[in-house]
Amino acid sequence: MVFSSAAFLFVFLPIVIGLYYLPIFRKNDRKNFRYKNLILCLSSLLFYAWGEPVYILLMLLSIVFNYFVGIDIEENVLDEKKKKTALLLGVGFNIFALGFFKYSGFIVSSFGGLFGAELEYSPLPLPIGISFYTFQIMSYIIDVYYGTVKAQRKLLPFMTYISMFPQLIAGPIVQYSDIEEQLQERKVNVEKFAAGVIFFIRGLGKKVLFANTIGSVYTEITSGDIGKASVVTAWFGIICYTLQIYFDFSGYSDMAVGLGKMFGFNFCKNFDLPYIATSITDFWRRWHISLSSWFRDYVYIPLGGNRVSRGRHILNILIVWSLTGLWHGAAWNFVAWGAFYGILLILEKYFFKNIIEKTPMFLRHVITLVVVMLGWVLFSSNTLTDALTYMGSMFGTAGNVFFDSTAKYLVSTHIFPVVFMSLSAFGAFSNLPRTKNFKVNVIVLCAGYIIIFCLCVIYLISETYNPFLYFRF
Amino acid sequence: MKKYRIAEIICIVILLVFIGILSADETASDKTVKEVAGAVISDVDIKGLSKQNEMQIKKELSISAKDYDGIYFVKSDEVMDVRELLIIKLKDNQSSDDAIKKIEKRIKDKQTLFEGYAPEQSAMLKNYVLKQEAGFIFYCVLEENETAVSAFNKIL
């Protein structure tokens with residue numbers, strides 16, 4: 001079930017909210033939060049089972065196993081050896097489960113390719129959200145090991161943390177330390193609920209009205225012979241994809257944050273206008289913040305971070321970014337995409353720092369955007385060869401014409417949405433003018449969001465093109 | 001504590017058994033779409049149906065051929081002929097959810113279109129077959145649905 005579906009919007013969500021806010025217990029009673037956690041947990045299991053009836057067993061097994069590991073680590077706090085064994089067992093289990101379901105096919109085919117043999121192996125389908133919930137679980141057991149958080153002794157709050165449907169299948173990756181207290185007790189009030197609804201509708205609008213609308217352009221371009229596409233077609237296609245992936249993923253994150261607020265949780269921000277970045281370092285401070293934070297806290301810093309020799313620091317960056325690429329998908333183009341950013345970050349930090357600082361801000365912005373778009377070519381292509389073919393068309397290396405009738409048609413039919421969405425992605429509509437009258441502002445805001453919601457519903461009913469790009473991770 | 005370690009080991013054993021059962025149950029076929037489609041159309045009559053290219057597939061089904069390992073789709077160009085046959089080979093690790101939802105949407109749309117005024121076509125559409133097996137999605141609306149399904153199962 002996706003958030004942008006009629007079944008979720010008009011059946012699942014209203015029922016869950018209704019049950020969640022049933023006035024069975026007094027507002028600040030602990031039993032009230034136990035009841036709320038139970039509703040959230042059961043509805044999350046139903047939500048997951050809707051699309052993954054078999055793999056729900058895997059998630060439950062993972063939850064139960066790591067619940068025991070957390071307590072095991074804490075129980076052995078004075079015995080370093082046993083404590084470490086429990087941690088290694090936990091990390092090993094999680095990496096094995098993720099590795100088997102996500103990477104076994106990739107490992108076998110790469111191994112076969114290395115020796116020129118075609119190995120017969122058919123991997124199982126990828127369980128939805130496994131990359132997200134596995135990373136959340138690992139953050140928990142590592143934090144328990146370092147004593148940053150206490151082990152959760154009650155299964156229900158722990159299960160609620162891992163399975164919570166707002167962020168279960170496409171993030172943001174919520175670290176246990178961020179919501180440990182909220183799992184026991186959280187602020188639930190009308191203001192927070194209303195803020196959640198606004199976040200949710202904003203995300204829905206980004207996804208349905210923007211990402212879905214513009215996404216078909218790139219699909220249309222790449223379904224033809226991209227090697228023969230004109231330069232303008234190729235650039236226009238990747239501009240559309242750049243907008244699509246941002247609105248798709250940040251829209252989903254907004255919906256997740258909004259749903260979290262509706263249930264009283266505060267999730268961290270996952271996007272901060274990434275396309276206004278003026279360097280690659282800046283871009284990754286603004287894009288998929290929860291993933292970058294995870295890799296920083298659990299891979300980069302344990303490797304030594306930047307408090308090591310220059311050579312070791314460069315190696316650390318390359319390791320972290322190759323893993324970041326691999327996290328996104330089991331294919332070499334994702335590894336290349338990650339390494340591409342790793343190399344760029346090294347260049348920015350060690351070689352071009354002075355040049356970048358002297359470059360005018362506008363030019364820095366343009367260069368960053370172009371580099372990010374080249375990155376999206378690597379990211380969106382099925383293979384490295386496809387990516388290189390696409391890049392070839394962007395720069396006309398195969399004798400591609402500069403402009404043709406396809407480009408004329410695509411640009412003329414989509415230029416207005418592209419300009420509007422670009423302005424939106426650059427934050428041009430972030431601070432719209434307001435009157436001094438608070439009531440008028442509220443009425444205008446509510447009317448605006450109601451219109452956006454109605455438009456989304458109309459689109460959802462009439463359109464079939466409704467994928468979520470980040471589901472496959 | 002020992003009891004937690006035992007619980008952890010039990011979970012590991014369950015995981016391995018779970019993986020074993022899934023692997024034994026869902027082994028994907030190594031056949032190509034061409035081979036599977038060839039076997040099916042040699043057993044059923046698809047006269048009057050024409051093969052659709054990538055653009056037509058995108059237009060008809062909202063499915064991008066490049067997202068899958070292979071797609072074979074034939075349909076009639078006649079408005080009142082509802083016969084069609086679709087075979088999709090999924091990529092490694094790929095979920096079938098998106099394609100199946102789109103096929104279901106297509107079936108529903110077609111049923112709505114013909115319901116009430118074209119009983120023959122409506123009946124055919126109600127008897128559609130949509131299944132997933134060994135890494136393939138199979139969908140057909142044919143007079144010989146059963147023959148098509150049995151050919152499909154046999155080749156896998």
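Figure 1. By definition, a residue is buried if 20 or more other C-beta atoms lie within 10 Å of its own, exposed if 12 or fewer, and partly exposed in between, with C-beta atoms placed from the backbone. The model shown here and in the other views is predicted: local features need pLDDT of at least 70, side-chain atom pairs count only at pLDDT 80 or more, and totals for chains, interfaces and linings use all residues. Residues are numbered from 1 along each chain as its sequence is written, while chains are lettered from A and ligands numbered from 1 in the order in which they are written. A:Leu273 belongs to the loop between helix H10 (231–262) and helix H11 (280–286) of chain A. Its phi is positive, at about 45°, although the residue is not a glycine. Most residues other than glycine have a negative phi.

**Figure 2. A:His288 has a positive phi of about 40° without being a glycine.** This residue is located in the loop between H11 and helix H12 (289–300) of chain A. A:His288 counts as buried because it has 21 C-beta neighbours inside 10 Å. Helices (H or I, at least four residues) and strands (E, at least two) are DSSP runs, numbered from the N terminus.

**Figure 3. Helices H14 (residues 332–351) and H16 (residues 361–380) of chain A pack at an angle of about 160°, with their axes 8 Å apart.** The axes are lines fitted to C-alpha atoms, for helices over the stretch in contact, and angles run from 0 to 180 degrees between N-to-C directions. H14(A) and H16(A) are therefore roughly antiparallel to each other, a term for angles over 145 degrees. The contact (C-beta atoms, placed from the backbone, within 7 Å) involves A:Asn333, A:Ala336, A:Trp337, A:Phe340, A:Tyr341 and A:Leu344 of H14(A) together with A:Val371, A:Gly375, A:Leu378 and A:Phe379 of H16(A). By class, eight of these residues are nonpolar, two are polar and none is charged. Here Ala, Val, Leu, Ile, Met, Phe, Trp, Tyr, Cys and Pro count as nonpolar, Asp, Glu, Lys and Arg as charged, and the others, Gly among them, as polar.

**Figure 4. Five strands of chain B form an open sheet in the order E1-E2-E3-E5-E4, with antiparallel pairing.** Strand E1 (49–51) and E4 of chain B stand at the edges with a single partner strand each, so one side of each is left without a neighbour in the sheet. The twist averages 15° from one strand to the next. Two strands pair if DSSP finds at least two bridges between them. Helix H6 (residues 145–155) of chain B packs on the sheet and touches E3, E4 and E5 of chain B, its direction making about 165° with that of E5(B).

**Figure 5. Strand E5 (residues 136–141) of chain B is largely enclosed by the rest of the structure, because six of its six residues are buried.** Both faces are covered, with B:Phe136, B:Phe138 and B:Cys140 buried on one side and B:Ile137, B:Tyr139 and B:Val141 on the other. Strand E3 (residues 84–89) of chain B runs antiparallel to E5(B) and is joined to it by six bridges; B:Ile88 has B:Ile137 as its bridge partner. Strand E4 (residues 129–133) of chain B also pairs with E5(B) in the antiparallel sense, over five bridges, and here B:Lys131 is partnered by B:Phe138. In the hairpin of E4(B) and E5(B), with two residues between the strands, B:Ala134 takes a positive phi near 45°.

Terms used. Parallel < 35°, antiparallel > 145°, perpendicular 65-115°, else oblique. Contact = placed C-beta atoms within 7 Å.
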